[in-house]
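User: I would like a close look at one part of this model. Please keep it brisk and define terms as you go.

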Amino acid sequence: MNLELDHFFILVEPEANVANLLVELGLEESYSRVHAGQGTTNRCFKFSNSMMELLWLRDEEEANNGPASGLRFPERLSDENASPFGLIFNRKNSDDLLMPFNGWSYQPDYFSAPNAFHIGSNSDNLTEPLCIYVPFMQPVERTIEKGPFKSISHVHLHVPVESLSEELQAVSHSGGLSIECGVEHLMEVTFNQKSCGFSKDLRPGLPLILHW
């Protein structure tokens, strides 16, 4: 499959104070960014080959009425059954430039046209994570660094549904990602092939288990 997971986000409470749980474990925070027109802000943890965003709602009116209204962030944050996850993909090579799944175009205010995201049609299904493809992004040569929290080896996602949508099925075998039907919204992130042999369950603060 000509698709790989570039990075991902987790929707959290305002100011993302749960990010401190990651800092205490030894993850290095990279930067924070305001998403104009989207109504969100993030705190980011960047790795050699990926990135994790903790994303929160900064302006509900902007999120509901701006170009990102179809992402339905306010609803996802207020509905305890909604997925808090977003998966962002890019292509491995330029041999196939077709969109990898059915969806719609989102032109954010913080990108110049025609640089628009392709959002999976399952965005209306709040139980599933958002699937976001970046068609204007060139294939990336990813660097793997050894050591705790340097590089992500794999992301495994549990989704509390009986069957995956066509969009999730399309991305479920992307490079660096696996998805299964589960009993709760949960993400497991493995660093450095789990060479240290440690794991940390960050629930209930975050629906996240880290392995390193």
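How do the residues of the lining of the largest pocket divide into nonpolar, polar and charged?

Analyst: The lining of the largest pocket has 18 nonpolar, 8 polar and 6 charged residues. Here Ala, Val, Leu, Ile, Met, Phe, Trp, Tyr, Cys and Pro count as nonpolar, Asp, Glu, Lys and Arg as charged, and the others, Gly among them, as polar.

First, the ground rules. This is a predicted model: local features need pLDDT of at least 70, side-chain atom pairs count only at pLDDT 80 or more, and totals for chains, interfaces and linings use all residues. Numbering starts from 1 along each chain as its sequence is written, and side-chain values use heavy atoms, with hydrogens and water left out.

Back to the pocket. The largest pocket holds about 600 Å³ of space. In total, 32 residues line the largest pocket. Nearest its centre lie D6, H7, Y31, M51 and E53. Several strands take part: β1 (4–11), β2 (31–35), β3 (40–46), β4 (51–57) and β7 each give the lining at least two residues. A pocket is an open set of points on a 1 Å grid over the protein atoms alone, where a 1.4 Å probe fits, with protein on both sides within 12 Å along at least five of seven lines. Lining residues have an atom within 4 Å of a point. For volumes, grid points are joined across faces, edges and corners, and the space filled by probe spheres set on them is counted.

Now the second largest pocket. Its volume is about 510 Å³. It is lined by 21 residues, with L11, E80, A82, P84 and P207 nearest its centre. By class, this lining has 10 nonpolar, 5 polar and 6 charged residues. Helix α3 (residues 73–78) gives the largest share of the lining, 3 residues.

P207 deserves a stop. P207 sits in the loop between β12 and β13. P207 is buried, at a relative accessible area of 19%. Buried means under 20% relative accessible area, exposed over 50%, and partly exposed in between (1.4 Å probe, protein chains only). Beyond its neighbours within four places in sequence, P207 is in contact (heavy atoms within 4.5 Å) with I10, P84, F85, H185, L186 and M187. P207 and L11 are 196 residues apart along the chain, yet their C-alpha atoms are separated by 10.0 Å.

The loop that holds P207 also holds P204. R203 and P204 are joined by a cis peptide bond, with omega about 5°. A113 and P114 are also joined by a cis peptide bond, again with omega about 5°. P114 lies in the loop between β6 and β7. Most residues other than glycine have a negative phi, and most peptide bonds are trans. R72 has a positive phi, near 55°. R72 is in the loop between α2 (60–65) and α3. K194 has a positive phi too, about 55°. K194 lies in the loop between β11 and β12 and is partly exposed at 37% relative accessibility.

Next, the aromatic rings. The whole structure contains 10 aromatic pairs. The centres of the F111 and F136 rings are 5.4 Å apart and their planes stand at 80°, so this pair is edge-to-face. F111 is in the loop between β6 (103–106) and β7 (117–120), and F136 in the loop between β8 (130–133) and β9 (152–159), so the pair ties together parts 25 residues apart in sequence. F111 is partly exposed at 25%, and F136 is partly exposed at 28%.

The rings of F198 and W212 have centres 5.9 Å apart and planes at 40°, so that pair is tilted. F198 lies in the loop between β11 (186–191) and β12 (199–201), and W212 in the segment after β13 (208–211), 14 residues apart. F198 is partly exposed at 47%, whereas W212 is buried at 11%. F198 and W212 also belong to one aromatic cluster with F47, F149 and F191. Rings of Phe, Tyr and Trp (its six-membered ring) pair if their centres lie within 6.5 Å; planes under 30 degrees apart count as stacked, over 60 as edge-to-face and the rest as tilted.

Finally, the whole chain. The protein chain has 4 helices and 13 strands. These are DSSP runs numbered from the N terminus: helices are H or I of at least four residues, strands E of at least two. Of its 212 residues, 50% count as buried.
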